[in-house]
Amino acid sequence: MNATKSGQGRRIVLWRHGQTAWNLERRFQGSTDIELTEAGVGQARRAARLLAALGPDAIIASDLQRASATARELAELTRLDVTHDAALRETYAGSWQGLTHDEILAQYGEQYTAWKRGEPVRRGGGELETEVADRAAPVVLNHADKLPGNGTLVVVSHGGTIRTTIGRLLGLEAHHWEGLGGLSNCCWSVLGEGARGWRLMEHNAGTLPEPVLGDDD
């Protein structure tokens, strides 16, 4: 997107899905399709009331049920349709998926440490973070390009995908993406359009601070 053209002032709200049972267990979900807990539905409902007040113009979401169910709460308040796209799914992490944090450290400790250092790692033989950004960021930008001047797009996705998308849209080098802290369940980040591109306006925003459970899922 050329941020110097008309229509400056647009916003992209990147909203992480509500809580799942695997989040509570610190179990890596990745592209596994896990539903929201009852508490997760409540989180989505509360957050939706706040996000509806922004007057969003469009909602797009991952097609995994934890994201689509979260998006549905906002759609019901705003009367907007949700566009689902598999490109907004969480990182596919191969053999890491279904393992707890402790199990990953025990079985893939060197791989985990290299990833945390910012090295390009195919966790569990899955996707690189840059490949996640390659599929997700263009979808977000395509829908942002369709916004009216000063319009707002809500993107309902997953912690890892949101982080990589923010990093790509801000023009950060991939090894710096880990510097963007994780999102708590049902919290969001806001990118605003400026003269030189997208800027991070808010990060991990929500009603009250909550622990980050399962960053990349």
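This is a predicted model: local features need pLDDT of at least 70, side-chain atom pairs count only at pLDDT 80 or more; totals for chains, interfaces and linings use all residues.

Visitor: OK, what about the fold? How many helices and strands does the chain have?

Guide: There are six helices and six strands. Going along the sequence, the pattern reads β-α-α-β-α-β-α-α-β-α-β-β. The radius of gyration is 16 Å, close to the 17 Å that the globule rule gives for 217 residues, so the chain is as compact as a globular protein of that length.

Visitor: What box do the C-alpha atoms fill?

Guide: Roughly 50 × 40 × 30 Å, taken along the principal axes.

Visitor: And how much of the chain counts as buried?

Guide: 52% of the 217 residues. As for contacts between residues at least 6 apart in sequence, 72% of them join residues at least 24 apart.

Visitor: Let's go inside. Which residues touch the most other members of the largest nonpolar core?

Guide: Ile-12, Val-140 and Val-155, in a core of 20 residues. Strand E1 (11-16), helix H5 (129-145), strand E4 (152-157) and helix H6 (159-170) are the elements that give two or more residues to this core. H5 provides the largest share, five residues.

Visitor: What does Ile-12 touch, then?

Guide: Leaving out residues up to four places away in sequence, Ile-12 touches Val-140, Ala-144, Leu-153, Val-155, Leu-169, Ser-189, Val-190, Leu-191 and Trp-198. Apart from the core I described lies another one, of 18 residues, including Val-13, Leu-51, Val-156 and Cys-186.

Visitor: Switching topic: where does Trp-96 lie, and is Trp-96 buried or exposed?

Guide: Trp-96 sits in the loop between strand E3 (82-84) and helix H4 (101-116). Its relative accessibility is 1%, and under 20% means buried, so Trp-96 counts as buried.

Visitor: Which residues is Trp-96 in contact with?

Guide: Setting aside neighbours within four places in sequence, the contacts of Trp-96 are Phe-28, Ile-104, Tyr-108, Gln-111, Tyr-112, Trp-115, Arg-123 and Gly-124.

Visitor: Now the backbone. What is phi of Arg-26 near?

Guide: Phi of Arg-26 is near 55 degrees, which is positive in a residue other than glycine. Most residues other than glycine have a negative phi. Arg-26 is in the loop between helix H1 (21-24) and helix H2 (38-52), and at 46% relative accessibility it counts as partly exposed.

Visitor: And what about phi of Asn-150?

Guide: Asn-150 has a positive phi too, of about 65 degrees, and is not a glycine. Asn-150 lies in the loop between H5 and E4.

Visitor: Is Asn-150 buried or exposed?

Guide: Exposed: the relative accessible area of Asn-150 is 56%.

Note on methods
Residues are numbered from 1 along each chain as its sequence is written. Side-chain values use heavy atoms; hydrogens and water are left out. Helices (H or I, at least four residues) and strands (E, at least two) are DSSP runs, numbered from the N terminus. The radius of gyration is taken over C-alpha atoms; the globule rule is 2.2 Å times the number of residues to the power 0.38. Buried means under 20% relative accessible area, exposed over 50%, partly exposed in between (1.4 Å probe, protein chains only). Contact means heavy atoms within 4.5 Å. A nonpolar core is a set of buried Ala, Val, Leu, Ile, Met, Phe, Trp, Tyr and Cys residues joined through side-chain atoms within 4.5 Å.
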